[in-house]
Structures are given as structure tokens and as C-alpha cells.
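Here are my notes on the model you sent over. Keep the structure open while you read, and click on each residue as it comes up.

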Amino acid sequence: MRNIGRWTAPAAITIFLTNVQITWSDQGLTGEVRTTFVEALVRSCLKTNLDAPGNKGVPVSAIHDYCKCNANDLADKISNDEVKTLEAA
């Protein structure tokens, strides 16, 4: 599970950008896997959005809230088993 942060953001971005159809889990991520997944996505989102020219003048707190909301939304839609499958790949 230590490697989650390394592939989480690229995997999430790939899912969104390619519009891959996934059977969303009813349960979502839980426990340490969820925490690590959300933290990695928030870090990646902040890195991308804080320096984006279109976000000039947007409060950091608003960007952080946006990133956290999106990360939690995705974490609600995938399962711990799907994360294990991605981590193994």
C-alpha cells in the first residue's frame, strides 16, 4: 500500500481523461487505502491547479476544497479491490 501515492494521481487522471467506463463500487474506498488515495489526489490536483494561469486570483482555500471534493468523490466510486488491481499493474 505504500506505493499508492506514486500511481494514484496518474491513474485517476487517466480514468477521467479517457472516459473509461468502470463499474463503480457501491462501497468506495475505506480505511488507510482511502486516506492515502485521497491525499495523493489532493496533492496532485493542488500542484496542477495552483500554478494554472486560469486560477490566478482564486483563493488557495477554494482550490484546496475543489481538489478535496473531487478526490473524495472518486474515492467513493472505486473499491479497495480495484486499487489493489491497479497497484499490481
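1. Let's begin with Asn49, which sits in helix α2. Is Asn49 buried or exposed? Its relative accessibility is 19%, and the cut-off for buried is under 20%, so Asn49 counts as buried. Keep in mind that what you're looking at is a predicted model, so every value in these notes was computed from predicted coordinates.

2. Who does Asn49 touch? Setting aside neighbours within four places in sequence, Asn49 is in contact with Asn55, Ile63, Tyr66 and Cys67. Take Ile63 as an example: Asn49 and Ile63 are 14 residues apart in sequence, and their C-alpha atoms are 7.1 Å apart in space.

3. Now hop over to Asn55, which lies in the loop between α2 and α3. Asn55 has a relative accessible area of 21%, so it is partly exposed.

4. Helix α2 has 20 residues, and from its first C-alpha to its last it reaches 28 Å, close to the 28 Å expected at 1.5 Å a residue. Which residues of α2 are buried? The list is Val33, Arg34, Phe37, Val38, Ala40, Leu41, Val42, Ser44, Cys45, Leu46 and Asn49. Notice that Arg34, Ser44 and Asn49 are on that list too. Hold on to Arg34 and Cys45, as both come back below.

5. On to the disulfide. A search of the whole structure turns up 1 disulfide, and it joins Cys45 to Cys67, with the two sulfurs 2.1 Å apart. Cys45 belongs to helix α2 (residues 31-50) and Cys67 to helix α3 (residues 60-77), so the pair links distant parts of the chain, 22 residues apart. In case the term is new, a disulfide is a covalent bond between the sulfur atoms of two cysteines.

6. A bit more on that bond. Why is the disulfide called left-handed? The torsion about the S-S bond of Cys45 and Cys67 is about -70°, and that makes the disulfide left-handed. Cys45 is buried, at a relative accessible area of 14%, and Cys67 is buried as well, at 1%. Cys69, on the other hand, counts as exposed, with 52% relative accessibility.

7. Cys67 turns up again in the largest nonpolar core. That core has 15 residues, and those touching the most other members are Leu29, Phe37, Val42, Cys67 and Ile78. Helices α2 and α3 are the elements that give two or more residues to this core, and the largest share, 7 residues, comes from α2. As background, nonpolar side chains tend to be buried together in soluble globular proteins.

8. How many salt bridges does a search of the whole structure find? There are 2. In one of them, the side chains of Arg34 and Asp76 meet, at 2.7 Å from N to O. Arg34 is in helix α2 and Asp76 is in helix α3, so this pair ties together parts that are 42 residues apart in sequence. Arg34 is among the buried residues of α2, while Asp76 is partly exposed, with a relative accessible area of 39%.

9. The other salt bridge brings together the side chains of Asp73 and Lys77, at 3.0 Å from N to O. Asp73 and Lys77 are 4 residues apart in helix α3, so about one helical turn separates them. Asp73 is partly exposed at 34% relative accessibility, and so is Lys77, at 30%.

10. Finally, zoom out to the whole chain. The chain has 4 helices and 0 strands, running α-α-α-α from the N terminus on. Of its 89 residues, 33% count as buried. The chain exposes about 6000 Å², and carbon and sulfur atoms supply 55% of that. Among contacts between residues at least 6 apart in sequence, 80% join residues at least 24 apart.

Terms used:
Residues numbered from 1 in each chain as written. Predicted model: local features only at pLDDT ≥ 70, side-chain atom pairs only at ≥ 80, totals over all residues. Heavy atoms only, no water. Disulfide = S-S within 2.5 Å. Buried < 20%, exposed > 50% of the residue type's maximum accessible area, 1.4 Å probe, protein only. Contact = heavy atoms within 4.5 Å. Areas by Shrake-Rupley, 256 points an atom, 1.4 Å probe, with all protein chains shown as cover. Core = buried A, V, L, I, M, F, W, Y, C linked by side-chain atoms within 4.5 Å. Salt bridge = Lys/Arg side-chain N within 4 Å of Asp/Glu carboxyl O. Expected span 1.5 Å × (residues − 1).
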